[in-house]
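Look at the model shown below.

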Amino acid sequence: MSESKRKTPQPPLFDDAQETVEAIHRGIVDAVVVMKGSEGPQIIMLQGADEPYRVLVERMSEGALTFGPDGVILYVNGRLCELTGYRAERLVHRDFATLFEGEAPTLAPNISLEASLLRNDDTSLPVSVWAGPISIGDSSATLVTLTDLSVHRRAEQIAAAERFSRSVLEQSTNAILVLAPDGRITHASWMAAELARQPPVGHTFSEAFPLEAESGTQAGTLAHFSAASLDTLLATKPFHGVEVRLQSEDAGKRTFLLSAGPLLDDTRASVGSIVTLTDVTERKRAEEQLTMLVAELNHRVKNILAIVQSVARQTIRSSGSLANFMHAFSGRLRALAIAHDILTQTRWIGIGLKELLTAVLAPHLSAEEERVTMEGPPVLLSARAVMPLSMALHELTTNAAKYGALSVRGGRIDVSWTLTGGEDQSVELSWRERGGPKVERGTSSGFGTVLIDRVITYDLDGTTKIDFDPSGVRCTLTFPLRDQAKSPVNTPRSAID
Amino acid sequence: MTEKDGYNLRLYVAGQTPRSVAAIANLKKICEQHLVGRYEIEVVDLMKDPALAQRHQIVAIPTLIRQLPEPLKRIIGDLSNLEKVLVGLDIRPT
């Protein structure tokens with residue numbers, strides 16, 4: 001290098017210019033400064049000078065490419081090859097639009113768009129596409145970066161699943177708890193927090209939910225466990241549906257099913273457990289009611305069988321022939337069936353006296369001809385009274401149809417009733433026949449009157465008075481209205497021989 | 001630099017081109033070996049402001065300018081030839 005003797009900067013001398021050319025030739029410079037008219041000095045990179053940028057672009061975690069004005073890809077980086085599964089040679093010279101599924105994204109400078117990048121295995125990858133203009137030499141081109149969104153999407157899906165799980169846990173109507181392996185509660189559903197004696201997270205199960213060991217449920221099974229061993233049991237062993245009650249004023253009246261199951265990670269290793277407390281109070285109540293109903297039904301079936309047996313036996317005694325027996329017995333069974341239907345329809349509550357009379361006398365009630373009159377105040381018969389009264393009225397009706405007012409045209413029956421007495425009200429029911437054949441004493445004696453007397457006396461604690469007046473049978477039945485202490489589940493005394 | 005025999009050096013580079021990066025490294029090494037405590041370096045990136053090239057009429061990059069001691073001297077290239085740099089900057093080997 002020649003040494004300059006000038007003290008102020010001067011334009012490069014020939015030596016400088018020569019040295020510059022030599023330096024460029026030897027490759028020890030990689031950029032030159034040129035004057036470009038009014039724009040002033042410009043830096044021009046010599047060949048290879050963009051190497052650091054090329055390395056940066058090759059190493060970057062996003063896909064990158066450039067394409068020319070005609071859309072032909074000029075360059076792709078390694079990451080884009082990874083994303084598409086194609087080697088660079090297969091991508092360069094392709095049309096940019098062919099990289100995408102469906103229509104290519106409509107690029108705008110410095111705006112990111114989402115698109116589906118096609119892969120060589122016929123799948124597609126969600127990507128974010130960014131584009132910006134660049135110059136290569138004298139021509140313009142477009143620089144594009146593509147960011148893989150699948151990881152982002154997966155993270156979003158995981159976050160959504162997490163939110164969903166949390167929402168299930170929070171909003172479940174069951175009390176759900178997540179326990180760490182040491183037995184401490186890490187998550188609690190809203191319902192669990194409501195049931196707990198104190199905010200449950202951070203406490204052990206036995207601290208937050210002390211069990212009522214003295215209750216009559218299966219809690220006794222757990223009573224011999226200490227609090228610590230119960231917590232360990234819940235955190236480590238699966239078990240299902242142990243009935244418990246909690247030491248709590250509100251929840252203590254309710255029954256819960258306590259269940260626990262291990263919580264496993266991807267490697268099937270236990271990372272804690274899920275404990276649920278399911279409120280089964282209503283279910284237990286329904287079960288108890290069902291058990292009671294079945295027991296009562298058993299009693300009632302036995303009672304009816306006892307009544308049927310008794311009626312059969314006594315009908316045989318008073319029947320002269322098999323034909324008579326069949327006729328009388330089936331009529332009485334019908335009376336029982338009517339009573340039973342009424343009880344079933346009214347759910348064993350009972351029925352009005354007038355409704356019972358209407359049901360029993362139905363075959364003889366006619367819209368055209370009023371043969372039966374009924375008159376009296378509203379009376380609700382108890383379930384216990386329905387069957388004996390139904391049978392007594394059936395006997396009276398059958399007798400009237402065979403021998404009395406209902407056996408001829410123009411015959412009438414007047415049924416009336418009154419309530420007597422104060423708190424312990426009694427019903428006095430009057431049955432009067434008229435217009436029938438002349439009644440001869442003893443015509444309807446036999447099991448009919450015996451049965452009426454038996455059921456009214458024994459089953460209703462009442463009295464019977466039957467008068468065979470020649471102008472028509474007169475019968476007065478008197479019985480207390482109020483249901484006596486006798487339960488309908490007991491066998492009627494009239495059926496006990 | 002006010003010290004009488006101090007060296008004030010200005011290196012013109014163009015971003016992170018290989019020769020620019022090499023020149024920075026070589027200059028630092030030479031100064032530490034031969035001008036310990038007697039130099040000041042200023043690196044000018046012409047990629048950021050090409051107009052700065054006019055002050056010393058830079059043509060090729062990298063170029064090193066010895067501003068002090070006078071007279072002004074210029075060395076073009078990546079400063080990989082040690083002997084040439086020492087001669088060019090008029091540094092006597094220590």
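## A strand pair and its sheet

Asp414(A) stands opposite Arg432(A), a residue of strand 17 of chain A. Strand 16 (residues 412-420) and strand 17 (residues 426-434) of chain A pair in the antiparallel sense over nine bridges. Two strands count as paired if DSSP finds at least two bridges between them. Strands (E, at least two residues) and helices (H or I, at least four residues) are DSSP runs, numbered from the N terminus. This is a predicted model, in which local features need pLDDT of at least 70 and side-chain atom pairs count only at pLDDT 80 or more, while totals for chains, interfaces and linings use all residues. Residues are numbered from 1 along each chain as its sequence is written, and chains are lettered from A and ligands numbered from 1 in the order in which they are written.

The axes of helix 11 (residues 322-345) and helix 13 of chain A come within 9 Å and cross at roughly 145°. Among the residues that meet are Ala335(A) and Ile342(A) in helix 11, and Val386(A) and Ser390(A) in helix 13. Two residues are in contact if their C-beta atoms, placed from the backbone, lie within 7 Å. By class, this contact has 10 nonpolar, four polar and one charged residues. Ala, Val, Leu, Ile, Met, Phe, Trp, Tyr, Cys and Pro count as nonpolar, Asp, Glu, Lys and Arg as charged, and the others, Gly among them, as polar.

## One buried residue

Leu357(A) is found in helix 12 (residues 353-361) of chain A. Why does Leu357(A) count as buried? Leu357(A) is buried because 22 other C-beta atoms lie within 10 Å. The cut-off for buried is 20 or more other C-beta atoms within 10 Å of a residue's own; 12 or fewer is exposed, and in between is partly exposed.

Leaving aside neighbours within four places in sequence, Leu357(A) is in contact with Met374(A), Leu393(A) and Val415(A). Leu357(A) and Ser390(A) are 33 residues apart in sequence, and 7.9 Å apart in space, C-alpha to C-alpha.

## Nonpolar cores

A nonpolar core is a set of buried Ala, Val, Leu, Ile, Met, Phe, Trp, Tyr and Cys residues joined through C-beta atoms within 7 Å. The largest has 41 residues, and Leu356(A) and Leu389(A) are among those with the most contacts inside it. Helix 13 of chain A gives the most to this core, with nine residues. Leu389(A) is in contact with Leu356(A), Leu381(A) and Leu460(A), leaving aside neighbours within four places in sequence. A second, separate core of 30 residues includes Val33(A), Ile43(A), Tyr7(B) and Ala53(B).

## The two chains

Chain A has 14 helices and 19 strands, and 28% of its 497 residues count as buried. Chain B has two helices and five strands, and 39% of its 94 residues count as buried.

Key: Axes are lines fitted to C-alpha atoms, for helices over the stretch in contact, and angles run from 0 to 180 degrees between N-to-C directions.
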